[in-house]
Structures are given as C-alpha cells and as structure tokens.
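I am opening a notebook on this structure. These entries record what I looked up, in the order I looked.

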Amino acid sequence: MGTKKTAGAGRSAGTGPEHGVSRRGLLIGAAVTAVGTAALAREKLEHAWWRLPGVEKPRKPGELDYARAQWTAASPANWRRADRPADYAIDRVVIHVTQGSFRGAVRVFQDPGHGAAAHYVVRKDGHVTQMIRELDVAFHAGNKSYNERSVGIEHEGFVDRPKDFTAAMYEASARLSAAICGRYRIPVDRTHIIGHVEVPGTDHTDPGPHWDWDRYIELVRAAGAR
Ligand SMILES: [Zn+2]
C-alpha cells in the first residue's frame with residue numbers, strides 16, 4: 001500500500017500545475033512512509049523475535065495447553081503464530097457460542113477459507129477440543145488487540161436455545177477457564193472473562209442472554225480453588 005501511494009504522488013508531481021504542493025506532499029508522504037516502515041519493522045521485531053535462529057520455543061505437534069482436552073489442529077490460516085505471553089500479555093478469556101454443532105465448528109476452524117477460529121471448542125457433553133495453542137493468536141474476537149490478549153472458548157449450541165447450555169458444558173468450560181486464568185494470573189471476574197458481545201466494535205451477540213454468567217463465574221472460581 002505504501003508503495004502504491006508513493007508512485008501515484010510521483011506521477012502528479014511531474015505533470016500537474018500544482019507541482020510544488022505535490023512535491024511537498026510527496027516528500028512528506030515519503031517521510032511518513034519511512035517512519036511508518038521503521039515503526040512497523042520495530043513492531044515486527046518485537047513481536048517476532050522467536051523467528052530469529054535459536055530463540056524459538058520448542059513446539060511439538062499435538063501438544064496441549066490443557067491436559068483434559070483433545071487436540072485437533074485448526075487451519076493455520078485462522079490464527080497467527082506468536083509467543084504469548086512473552087510477546088502479548090494474556091488477560092482475557094472470551095466466551096463464544098458456535099450457532100451450530102460441535103462438529104460443524106471444528107470443521108469450519110479446519111477450513112482455511114473460514115478466516116476465524118477459537119483456541120477451544122466445548123461440546124454439550126463436556127468434551128473439550130483444543131485447536132490452537134495458547135501461545136498463538138487465534139482469530140476469534142474480530143478485534144486485533146482482543147485477539148492478541150485473549151484465549152477464545154467456543155461452546156456448542158445456539159444463543160436462543162438455553163437448553164443447549166448443559167451442566168456438563170458449564171462444568172467443563174469452567175474448569176478450562178480456571179486453568180487458563182491460573183496460568184496467566186487472570187482475575188476471575190466479569191471484567192476479564194467476557195462474552196464475544198462485549199468485545200469493542202463487535203457485531204456478534206454470543207453467548208447471548210441465556211448464558212448464565214453468575215453460575216459460570218461461580219463455577220470458574222470453584223474450579224480454581226480446588
Ligand atoms: Zn463469537
């Protein structure tokens with residue numbers, strides 16, 4: 001994008017009657033671009049130091065962050081490699097509802113064309129699948145900084161069907177949330193465990209009005225205390 005902009009300004013500088021203005025615009029543009037590029041390079045280096053030889057943490061295929069989960073890899077197109085919490089602090093858990101079946105959610109998270117996926121999917125019977133490592137940034141919140149700072153948990157079901165939110169699902173998800181909060185020292189409260197609906201700028205409504213937050217937070221606290 002930067003390259004394209006500079007080329008356009010260059011053409012008008014040479015031909016138009018506002019030669020001086022365009023040239024100044026071009027110079028300012030070039031300076032801004034240079035500063036922007038340097039900042040971008042710095043940011044890239046800061047958040048990609050693990051790409052340097054010898055510093056990457058060892059990763060094993062199928063490795064889990066949560067021992068009770070079963071691993072099924074999401075498509076790499078639906079997440080971004082990172083080294084959290086070293087590069088991005090993790091201070092949020094984001095609760096989602098799939099608006100479909102467990103199998104359907106796993107399938108779309110494996111689809112490189114889907115463009116989104118969460119770290120975990122919890123089934124109605126309490127089974128937990130992990131699809132993305134917590135080290136990595138999953139595209140689940142629809143907000144770059146919230147993706148970078150959070151772990152996303154999907155729950156099988158529909159927002160308008162309260163019976164989908166089974167006791168087994170609440171229990172299993174709460175144990176998982178408690179483990180995540182324990183790992184990153186995230187306070188167990190409604191500021192730090194939020195619904196997708198509470199992510200700034202989102203147009204998603206999940207987990208919806210039937211998700212029992214009081215019950216859930218209580219279960220997370222109880223699981224964390226055990
Ligand atoms: Zn969601």
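**Entry 1: ground rules.** I number residues from 1 along each chain as its sequence is written. The model is predicted, so I note that local features need pLDDT of at least 70 and side-chain atom pairs count only at pLDDT 80 or more, while totals for chains, interfaces and linings use all residues.

**Entry 2: confidence.** I looked up pLDDT, the predictor's confidence in each residue, from 0 to 100. The protein averages 85, and 75% of the residues score at least 70. Over residues 1–20 pLDDT stays under 50, and the model has 18 contacts beyond four places in sequence for them. A contact here means two residues whose C-beta atoms, placed from the backbone, lie within 7 Å. Where pLDDT is low, the predicted coordinates should not be read in detail.

**Entry 3: overall make-up.** I found six helices and eight strands. Helices (H or I, at least four residues) and strands (E, at least two) are DSSP runs, numbered from the N terminus. The order of elements from the N terminus is α-α-β-β-β-α-β-β-β-α-β-α-β-α. Of the contacts between residues at least 6 apart in sequence, 71% join residues at least 24 apart. Buried residues account for 31% of the 226 residues. I call a residue buried if 20 or more other C-beta atoms lie within 10 Å of its own, exposed if 12 or fewer, and partly exposed in between, with C-beta atoms placed from the backbone.

Entry 4: I traced an open sheet of six strands in the order 1-5-4-7-3-8, with mixed pairing. Its edge strands are strand 1 (70–71) and strand 8, each pairing on one side only. Two strands pair if DSSP finds at least two bridges between them. Strand 7 runs parallel to strand 3, joined by six bridges, and Val 94 stands opposite Gly 152 of strand 7. Strand 4 also pairs with strand 7 in the parallel sense, over three bridges; there Tyr 120 stands opposite Ile 153.

How many of the six residues of strand 7 are buried? I counted six of six. Ser 150, Gly 152 and Glu 154 lie on one side and Val 151, Ile 153 and His 155 on the other, with both faces covered. In a regular strand the side chains alternate between the two faces of the sheet.

**Entry 5: helix 5.** Helix 5 (residues 167–184) has 18 residues and reaches 26 Å from its first C-alpha to its last, close to the 26 Å expected at 1.5 Å a residue. The expected span is 1.5 Å times one less than the number of residues. Its buried residues include Met 169, Tyr 170, Arg 175 and Cys 181. Among the elements covering the buried residues are strand 7 (150–155) and helix 6 (213–225).

**Entry 6: backbone details.** I found a cis peptide bond from Arg 84 to Pro 85, with omega near 0°, in which Pro 85 belongs to the loop between strand 2 (79–80) and strand 3. Another cis peptide bond joins Asp 206 and Pro 207, with omega about 10°; Pro 207 is in the loop between strand 8 and helix 6.

Gln 99, not a glycine, has a positive phi near 55°. Gln 99 is partly exposed, with 18 other C-beta atoms within 10 Å. Arg 185 follows helix 5 and has a positive phi near 55°. Arg 185 is exposed, with 10 other C-beta atoms within 10 Å.
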